[in-house]
Amino acid sequence: MSKPKVGFNWLASCGGCEEAVVDLNEGILTVVEAVDIVFWPCAMDFKKDDVEKMDDGEIDVCFVNGAIRTSEEEHVSKLLRKKSKVIVAFGSCSHTGGIPGLGNLKTREEIMDEAYLNGMSTVNPDKVYPQSEFEAPEGKLELPVFLENVRCLNQVIDVDYYLPGCPPPANLIMNAITAILEGKLPPKGSVLAPDKAMCEECERKDTKPDNMLVKELKRPHEMIADPEKCLLAQGLLCLGPVTRAGCGAVCVKGNMPCTGCMGPTSRVRDYGAKALSAIASIVDQQEEDEIEKVLATVVDPEGTFYRYSVPASLLHRRLTNV
Amino acid sequence: MSNGNVFQPRIVAFFCNWCTYTASDLTGISRLSYAPNVRIIRIMCSGRLDPQFVIAALREGADGVLVGGCHPGDCHYIEGNYKALRRFLLLKKMLKNMGIEEERVRLEWIAASEGDKVQKVVNEMTAQIRELGPLQLHAIPTPDSMKECAAAACCCGEGGHR
């Protein structure tokens, strides 16, 4: 039997997901032994042309990380869908939009102006913006179009499985690859991570009070957190209660609060709304102005609660008609 | 109502069983009429209101969401309405930053005896949202991967707003 053909691709992402693959350490040798890598632009010399020449469904499994912001990313996603039997959305960006998804809190124009006009170190008196087409003496040059919105992978193509995390934890990647190699995959659409809250696997679980109430909310730079006690009980905005487990609470081990990269559990429809609910309800104040005072410390609620999931949220993006 | 050209907002109202829902019954018993634009959903306590309900209502076509609960100190479950207030204040702030006008989401304390307040609040809110016009959220994109994608340039005309 020939080895299963596997592809990796990156879209709007930082490269951290590729790092996560390398983080398999010696495990990667087993993987390389068992599969035939046919596309991995970040690490190996494959070109899009190579994929275009493949038969439809020739790739057995393709791991796609990153969100979709440009026309090229959309094109490559569709191409890979056509050429692959199974598509796994790999990492927060392709799962729910991720950090690039925060672009949906601004308009395309605002982003362009900030990047090419108003940035602190930008000098652009002629107001030159990147063009998708340019007639040069040597011929027409093309660049991908920067689209209006950021989308997560399942808003562009049909996705079979999701591996959440920013980046996905090595053990979950290994589990997923093993399941694929052994043909023991769960039903289509599954998120390949435990379906319980992060707090469940947090080392500080026992220090979480039964009745969680805090008088003030703090940001990590405003305090030195007790390294033993539940961070939420200390007033740090930790999203463990609403975030999917599977990461082993690594951020909390580093004394930093959970920011929610693993996304929601299966019972949650809108991650940000649920996270907002969890945080707001622990504020130990009853008077409206006192509550407001505490909530004022959440300076960027949409960026905090939808940090990894603006495109996948029920609102999808900030409204631009007001 | 006779003018077919007037925009009729859709308002979803979540009223708590013990105070505001009872108040809306009283409004009817007292024969006080109010704008028919509100669809009331009874919940046991305003503290049961998950912020997801509000956003889901807006996503599914509501132009505004009204939440009614017992006055502070009067909650049947002691402190459910305080929880509702905390969540609502933060939700409102977030929705405002997401570009949704403040008038579209409203929390009111309405006791079981305040049938007239239901009338006043519903009429007021209907008028305000009528003024704002329909809520037009961006559609959530869905895959159209079956579409042929022969050349790199073919996708450039689409994507973005859909």
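## Report on a predicted two-chain model

In this predicted model, chain B has an average pLDDT of 89, and 86% of its residues score at least 70. One stretch of chain B, residues 148-162, has a pLDDT that stays under 50. For this stretch the model has 22 contacts beyond four places in sequence. For the complex, the predictor gives an ipTM of 0.93 and a pTM of 0.92.

The next topic is the meeting of the two chains. On the side of chain B, 37 residues are in contact with 45 residues of chain A. Two helices of chain B, α2 (51-59) and α3 (80-97), each supply at least two residues of the side that touches chain A. The largest share of that side, eleven residues, comes from α3(B). The table sets out how the residues of this side divide by kind.

| Kind of residue on the side of chain B that touches chain A | Number of residues |
|---|---|
| Nonpolar | 20 residues |
| Polar | ten residues |

A:Val22 belongs to helix α1 of chain A, which comprises residues 16-22. Is A:Val22 buried or exposed? Because a residue counts as exposed if 12 or fewer other C-beta atoms lie within 10 Å of its own, and A:Val22 has 10 other C-beta atoms within 10 Å, A:Val22 is exposed. Which distance separates the C-alpha atoms of A:Val22 and A:Ala170? These two residues are 148 residues apart along the chain, and their C-alpha atoms are separated by 8.8 Å.

Definitions and conventions
Residues are numbered from 1 along each chain as its sequence is written. Chains are lettered from A and ligands numbered from 1 in the order in which they are written. This is a predicted model: local features need pLDDT of at least 70, side-chain atom pairs count only at pLDDT 80 or more; totals for chains, interfaces and linings use all residues. Helices (H or I, at least four residues) and strands (E, at least two) are DSSP runs, numbered from the N terminus. A residue is buried if 20 or more other C-beta atoms lie within 10 Å of its own, exposed if 12 or fewer, and partly exposed in between; C-beta atoms are placed from the backbone. pLDDT is the predictor's confidence in each residue, from 0 to 100. Two residues are in contact if their C-beta atoms, placed from the backbone, lie within 7 Å. Ala, Val, Leu, Ile, Met, Phe, Trp, Tyr, Cys and Pro count as nonpolar, Asp, Glu, Lys and Arg as charged, and the others, Gly among them, as polar.
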